[in-house]
Structure formats: C-alpha cells, structure tokens
Amino acid sequence: MHIEVRNVNKAFGAHQAVRDVSFTIERGKLIGLLGPSGGGKSTLLRILAGLETPDSGDIFIDGKRVNDVKPQLRGIGFVFQNYALFKHMTVFDNIAFGLTIRKASKAEIRSRVNELLDLTGLRGFEHRYPHQLSGGQRQRVAFARALAPKPELLLLDEPFAAIDAKVRKELRTWLKSLIAELGITSIFVTHDQDEAVEVADEMLIVQQGRLEQQDSPIRIYTDPQTAFVAGFIGHSSVVEEPGSLRGFEKAVQAAGARAIVRPEFVEVGRTYEIPFPSAAVTGKIRHVFFRGAHLELDVEVGPNRLSAHRSLDQEPLQPGDEVAVLIHRLYVISEESATMVENPLKADPLPVHI
Ligand code: ADP
Ligand code: MG
C-alpha cells in the first residue's frame with residue numbers, strides 16, 4: 001500500500017497537535033515514527049487510521065483520497081501499546097474478531113486463525129485467555145488479531161512499550177522479519193531511538209507536531225537536517241560555547257551558535273593515547289559511569305561538559321584526572337539547521353604536549 005499525507009493539520013482546542021505534515025511512504029516499507037512524548041505521533045497514526053479527523057489536509061491510500069472513508073474500510077490493521085485484547089475472549093476468538101465482524105464463514109475463520117497461530121508462534125495457546133499469557137505473548141496475539149483481516153497497512157503504536165527490555169528486543173527482531181516476510185507496509189511508533197534505528201527501513205522524526213526529517217536511519221544519524229534531529233539522535237551533549245573549543249573558533253563565528261557533540265566524536269585519555277595531540281584540548285574528568293560494555297565519561301572542557309566513551313580495556317581514569325580531549329567533529333546548530341564541522345587541527349603534524 002502506498003501512503004501519501006498532504007499538509008495535514010490537527011488541533012485539540014488551542015493545542016496544535018499536528019502542524020502541516022506531509023510525507024509519502026512507498027509500498028512494503030517499514031517506517032519508524034520517532035519523537036518525544038506528546039509530539040503528535042499517535043495523533044498522526046489515528047488520522048491515518050481514520051480514528052481522528054484532520055482539520056485540514058488530505059490522506060491518500062494507493063492514490064485514492066480516503067478522508068471520508070470509514071476506518072474499517074481503509075484496509076488498515078492497528079496494534080496499540082496496551083494490548084487492548086478482549087479479556088473475556090480466548091486467544092482464538094481475539095484473533096478471529098475482525099473476521100467475525102466481517103461475517104466470514106466458520107471454516108474461513110478457522111483456517112485463517114490457524115495460519116496466524118503458526119505465524120506468530122502461538123499454536124497451543126488458542127484456548128487461553130489473555131490473563132494466562134505473558135506480555136510478549138499477549139502482544140503477539142494483538143499482531144495476529146490486527147493481521148487476520150489481511151490489512152495492507154499495519155500501524156503499531158509503541159507496541160512494546162509495556163514489555164521488559166529483553167523480551168522487547170526479541171519481539172522487535174521477530175516483528176521486523178515477520179513484516180519483511182509478509183511484505184506489508186507498516187508504521188511503527190516509538191520514542192526509543194535504538195528501537196527505531198534497529199527496526200526501520202526509513203524514519204520519520206516528529207516533534208511538536210512537525211515532521212522534522214524523513215530519511216534512512218543512517219542518514220538521520222549522519223546527516224541531521226534540523227537542530228532538533230541533531231540533538232535528539234545519538235545521546236548528544238550540547239555545547240553552549242563551541243567557540244571556546246580549540247580548532248572550532250572560526251566555524252562558530254555566528255553569534256550565539258551552539259554545537260552538538262556525540263560521545264563517538266570525542267576521544268578522551270592521557271596525552272600519549274590521543275592521536276593529533278596538538279588538536280586536543282585539556283579537560284577534567286567529572287564523573288565516570290559504568291555502562292556494562294564501556295565506561296561513560298563526563299568531562300569538563302572550559303565552560304562545557306561533554307560525554308565520551310572509554311573502553312574497559314584502557315587504563316582507568318578517575319574523577320579529577322586531567323585529560324586530553326580530542327573533538328574529531330561536531331555539529332554547529334542554528335535555529336533551523338545542523339552543519340557538521342571536522343576539527344581542522346587534525347592535519348597538524350607537530351605534537352604539542354598539554
Ligand atoms: P505522542 O503520541 O507523540 O506522544 P500524541 O499524538 O498522543 O503524542 O499527542 C500530541 C498532543 O496532543 C499532546 O499534547 C496531547 O496531550 C494532545 N492530545 C492528543 N489527543 C488528544 C485529545 N483527544 N484531546 C486533547 N488533546 C489531545
Ligand atoms: Mg503516543
């Protein structure tokens with residue numbers, strides 16, 4: 001199914017929840033709709049599904065304007081965050097629900113439900129009630145139920161938000177391969193960037209009702225188009241005075257410009273560990289956090305605080321240690337754009353000890 005959203009607006013009272021949003025989605029793509037809570041993700045999804053009416057703008061499905069088409073006639077399956085299974089119905093009856101209300105024959109229902117029980121690994125659970133299932137199993141029932149009427153578009157609104165981290169990771173891998181196998185166009189809402197990056201073919205970043213960027217996960221990460229995207233993706237530190245960082249003075253001439261530095265743009269260590277020491281600045285370790293596979297360092301550099309990573313194999317650093325800090329690159333951000341700037345001093349061959 002090919003989707004086009006054109007200049008859609010939606011307000012709730014004085015609050016503009018969706019602002020002039022336009023995008024298209026190609027058939028068969030898995031889209032990650034990512035943004036902070038309250039940004040308008042659910043509202044957008046509900047407008048697509050026909051559960052909410054836009055104030056202005058149009059929705060096209062396969063080229064046909066569907067603004068006035070009832071939700072149940074749009075060919076869309078919806079999976080919500082909070083399972084929303086029917087508590088008093090068995091797994092079988094939950095999955096069959098959409099077919100029953102369409103008055104499918106008993107034989108047809110049985111065959112389709114069996115197919116979905118196999119597809120979702122729920123064979124053997126068909127006579128259980130929702131309270132007899134784990135969170136992950138319940139969410140798989142919700143998928144099966146959404147898929148039963150063979151929708152051409154699957155909308156998933158934070159489907160794993162209520163599930164613990166380990167099961168969630170398994171479920172999203174499972175979901176991605178299932179969706180690829182079915183070839184069904186899908187939009188997956190999440191506020192978790194790792195989840196979106198891992199699952200999506202393409203991402204839509206939404207904030208305060210506005211679409212900030214539509215791109216592949218790699219391009220969202222390497223080429224953020226707006227200041228918001230640059231700061232939102234990649235556990236960034238905001239540098240309020242980037243002009244005070246050696247090498248970047250010229251790039252940051254615009255008064256008041258800020259910069260964004262990601263941990264992987266920064267190398268922190270003893271001077272002898274750092275390549276291009278002449279391009280490094282001096283910093284002081286403020287905190288060291290153990291993050292399992294690596295250490296996260298909170299480093300003070302002049303008036304700025306940066307976050308950096310360090311391997312557990314390297315010599316340990318302690319709070320209070322003076323260190324060399326090499327900033328390989330940063331994003332200079334202005335009101336509406338983000339520009340990547342490489343550290344120009346990295347080419348300098350003369351070692352300077354600090
Ligand atoms: P998200 O899913 O990104 O967290 P939502 O689309 O749910 O965001 O909400 C966007 C904004 O619109 C929020 O400020 C929310 O409070 C508001 N909103 C959503 N639905 C309604 C509603 N039915 N009535 C009033 N305000 C709403
Ligand atoms: Mg939501």
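User: Which conventions apply here?
Analyst: This is a predicted model, in which local features need pLDDT of at least 70, side-chain atom pairs count only at pLDDT 80 or more, and totals for chains, interfaces and linings use all residues. Residues are numbered from 1 along each chain as its sequence is written, chains are lettered from A and ligands numbered from 1 in the order in which they are written, and side-chain values use heavy atoms, with hydrogens and water left out.

User: Which residues surround ligand 1?
Analyst: Among them are Phe12, His15, Lys41, Ser42 and Thr43, where near means a heavy atom within 4 Å. By class, the shell has three nonpolar, seven polar and one charged residues, with Gly counted as polar.

User: Which element gives the most to that shell?
Analyst: Helix α1 does, with three residues; helices (H or I, at least four residues) are DSSP runs numbered from the N terminus.

User: How far is the side chain of serine 42 from ligand 1?
Analyst: An N or O atom of that side chain is 2.8 Å from a ligand oxygen atom, within the 3.5 Å limit for a polar contact between N or O atoms. For histidine 15, a polar side-chain atom lies 3.2 Å from an oxygen atom of ligand 1.

User: Changing topic, why is α4 described as largely enclosed?
Analyst: Twelve of its 13 residues are buried, so the rest of the structure largely encloses α4. Buried means under 20% relative accessible area (1.4 Å probe, protein chains only).

User: What do those buried residues pack against?
Analyst: They pack against β6, α2, α3, β7 and α5, with contact meaning heavy atoms within 4.5 Å.

Conventions
A polar contact is a pair of N or O atoms within 3.5 Å; within protein, one must be able to donate a hydrogen and the other to accept it, and residues adjacent in sequence count only if both atoms are side-chain atoms. Helices (H or I, at least four residues) and strands (E, at least two) are DSSP runs, numbered from the N terminus. Buried means under 20% relative accessible area, exposed over 50%, partly exposed in between (1.4 Å probe, protein chains only).
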